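Take the sequence and the model together.

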Amino acid sequence: MEAALLGLVTIIIGVGGCVGYFYFSNVVLDRFIYPAEGPNAGHNINRANQIRPWLFLFPAIAALGLYLAYPVFETLRLSFIDRDAGNAFVGFANYQQMMSEPKFWEAMRNNMLWLIVVPAAATAFGLLAAQLTDRISWGAVAKSLIFMPMAISFVGASVIFKLVYDARGADQNQIGVLNAVWMQFEGGAGSFLFLKLLPAFLILCFAAIVAYVGYLVVAPALRGAGGGLSKLLRVLVGVGAAWLVFISLRSVFGIFVADFPYGEPQQWLTLPFYNNFFLMIVLVWIQTGFAMVILSAALRGIPEETIEAAVIDGANPFQIFFKIKVPQIMSTIVVVWTTITLTVLKVFDIVFAMTNGQWETQVLANYMFDKLFRANDWGVASASAMVIMLLVSPILVWNVYTARKEMR
Amino acid sequence: MAATAGRKSSLSWAVNISVVALVLLWIFPTLGLFVSSFRTADQISASGWWSAMLPAEQNLVARAIDPDENRVDENGRFVVRGNIFEDGVSAEISAWGVSSRAIDIYQPGDTADLGEGETMLLGPDGAYEWSGNDDQISGRGQRIFVTATTPPELTTENYSTILFSGSGQDNMTKAFFNTLTVTIPATVIPILIAAFAAYALAWMEFPGRALLIAAIVALLVVPLQLALIPLLRFHEWIGIGKGYLGVWLAHTGFGLPLAIYLLRNYMVGLPRDIIENARVDGATDFQIFVKIILPLSFPALASFAIFQFLWTYNDLLVARVFLIDATGQTTVMTAQIVELLGTRGGNWEILATAAFVSIAVPLLVFFSMQKYLVRGLLAGSVK
């Protein structure tokens, strides 16, 4: 109760202080510094109006500068010094030390996996959910239920999924859904259908979409359109897509060759490599609702005439969706994708709560937390924070660029 | 025509079924936690939560009532009668035993021979009759091991443990109030600061405005991780260390870019005439802001308030770095749940209830103010 009281007092002081600042600073400006009366009233009003924006902006600028802008540069500086050696400048030593650690590369590899899988899966599911729920009468309820995980904390979601992934001995009743389902498979035809054919089919679908998008991106460059830089970018995207297709095909092969341990309950979170995907599912589960809400609004914004024209021309629902609707909401898809990418780069709570980076599930944000509080190595922690900043910066530049373009 | 109609209805069936599947897939995990929080520890470990509504087979250990007080002398034989189940429980016994090494050797209705004339009779409804001589029927009650199918039973006991009677880590009340202490000021203060700044950026002319807006868009994506070390040092340096003040300031700073961005975008869209007219009538900027802009911007303010509330309420990282000190007196719910995951990893009745207590408030806010949340999302995603 004491804490509650303290909170209440602070709200009153904080809010009162804010309101007081804005009110009295304006009063002081208008009454005492540049009073709107006397011989040069007009001049004074103009002067006051030049200063007023800064009165309104001052708290925000101070807070933003101190809590966001300054730390970026301070972290950069800290990443070049060694605290134990009396804050001496050590050049890239922190970065070198970080790069020599296998844990860092593990975190980098996992982060790349997260960056590919989570935005792709969340956007795809969101698009699917948006398209499906817009067509039915109880769509609003369905949307609301799919959107609900957005309100659940990452920690709460971690507990929820830990229960899903829970494992008991083979002779006991499984209380985790995933193991309960897993124990139903015994290696027969059903297992082949659901555990080999279906995943292989899904991965092939993914590979086909990647190949198609890659082709769309690369084709103009092959025809010789655009400048040198855009050509280079397109070719880079094409190479990335080809790599993803290769990985997908290889994993399809792997699925058919693999020998699954049927009948044994699995500790899903301790299976190296695959446990990353079980962690990603948590974030996909949370972010799909976000993608769905935004994409559903975009889908509803598509002009009816374009769809009617396609229907008259005899397009089937799939053609309408992929060839008419998706291209028109492409810019929104990009926005959703980048927003989820930002969330992924900062993902900390899920890994921290579920595995804490054990069993090869480390990610950059958790690696940084680890260095900061467990190893107490501020230099390497700063260096890894700068790596996160580096990964974010293309999105930062892009956002500023588009925002400025929109304002003109 | 008929063919087209037929295709359409079959497609609509497919859509309906897919949506049902999708929705079930999405709420299934949360439902599991919710149902588990109403089950006892024994029930949770005996069967999956999806069978909570069905009768479950359980192994129970019961003890006959105190023989010295309850035995009846029947012609030289002493008999203790009772029921291993409490009143009102209608369980069905499938097998039982009197030793922990052989818990299922007798069928209900059998009489177990305990040696030297001592016997135990257990009926299918849990009624027992324990008889023997004066010496045998004394001391502690005989243990009975039962395999029984008990009807589904839900309890609110976990909630009373977590909220009221639990001790130490199991009690979330303190953490709940701590979370609210963090959340409410950290939601209200940035709104105020951002509203003034957004007004200035939307409706006041001054040099450097475009640059400031670009800077705010840039700060929108700066990862939190960069701010941790410099701000820890800063808080140490100005002497506030770890505590509520630090966490409020941090949340304010981290929430401001989105707040300013959302509110500015909304305020720019307000009709120019109203503001110009008010200016002509001699209203000052402060008056225009308080009397016209703030009331009109209510939807945007509400959107951001929900965002900031959910984000600060659900946050773990900022609280761990800027608030929770070694004493642990100021722990928040998310941090306490992570601790519970470490120490009580197998006690799902505690974990599930604690987690559900912590997500109940956001869910409530979510379902009651979803309209504003959606509106904010649509305005806030950088296009």
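B:Thr161 lies in helix α4 (residues 157-165) of chain B. Helices here are DSSP runs of H or I with at least four residues, strands are runs of E with at least two, and both are numbered from the N terminus. This is a predicted model: local features need pLDDT of at least 70, side-chain atom pairs count only at pLDDT 80 or more, and totals for chains, interfaces and linings use all residues. Residues are numbered from 1 along each chain as its sequence is written, while chains are lettered from A and ligands numbered from 1 in the order in which they are written.

B:Thr161 counts as partly exposed because it has 18 C-beta neighbours inside 10 Å. The cut-offs are 20 or more other C-beta atoms within 10 Å for buried and 12 or fewer for exposed, with partly exposed in between; the C-beta atoms are placed from the backbone. From B:Thr161 to B:Ala202 is 41 residues in sequence and 51 Å in space, C-alpha to C-alpha.

Now turn to helix α14 (residues 348-368) of chain B. Its 21 residues should span 30 Å at 1.5 Å a residue, and the end C-alpha atoms are 29 Å apart, which agrees. The expected span is 1.5 Å times one less than the number of residues. α14(B) bends by about 35° at B:Ile359, and B:Pro362 follows within four residues. That bend is the angle between axes fitted to the seven residues ending there and the seven starting there.

Next comes the sheet. In chain B, 5 strands form an open antiparallel sheet in the order β2-β3-β7-β6-β5. Its edge strands are β2 (72-74) and β5 (111-115), each pairing on one side only. Two strands pair if DSSP finds at least two bridges between them. β2(B) and β3 (residues 77-83) share 3 bridges, and B:Glu74 has B:Arg77 as its bridge partner.

B:Ala112 is bridged to B:Met120. B:Met120 also has B:Trp130 in β7(B) as a bridge partner. β6(B) and β7(B) form a hairpin with 4 residues between them, where B:Gly126 in the turn has a positive phi of about 100°.

Last, the chains meet. The contact takes 91 residues from chain B and 92 residues from chain A, counting residues whose C-beta atoms, placed from the backbone, lie within 7 Å. Helix α5 (residues 173-203) gives the most to the chain B side, with 15 residues.

Key. Contact = placed C-beta atoms within 7 Å.
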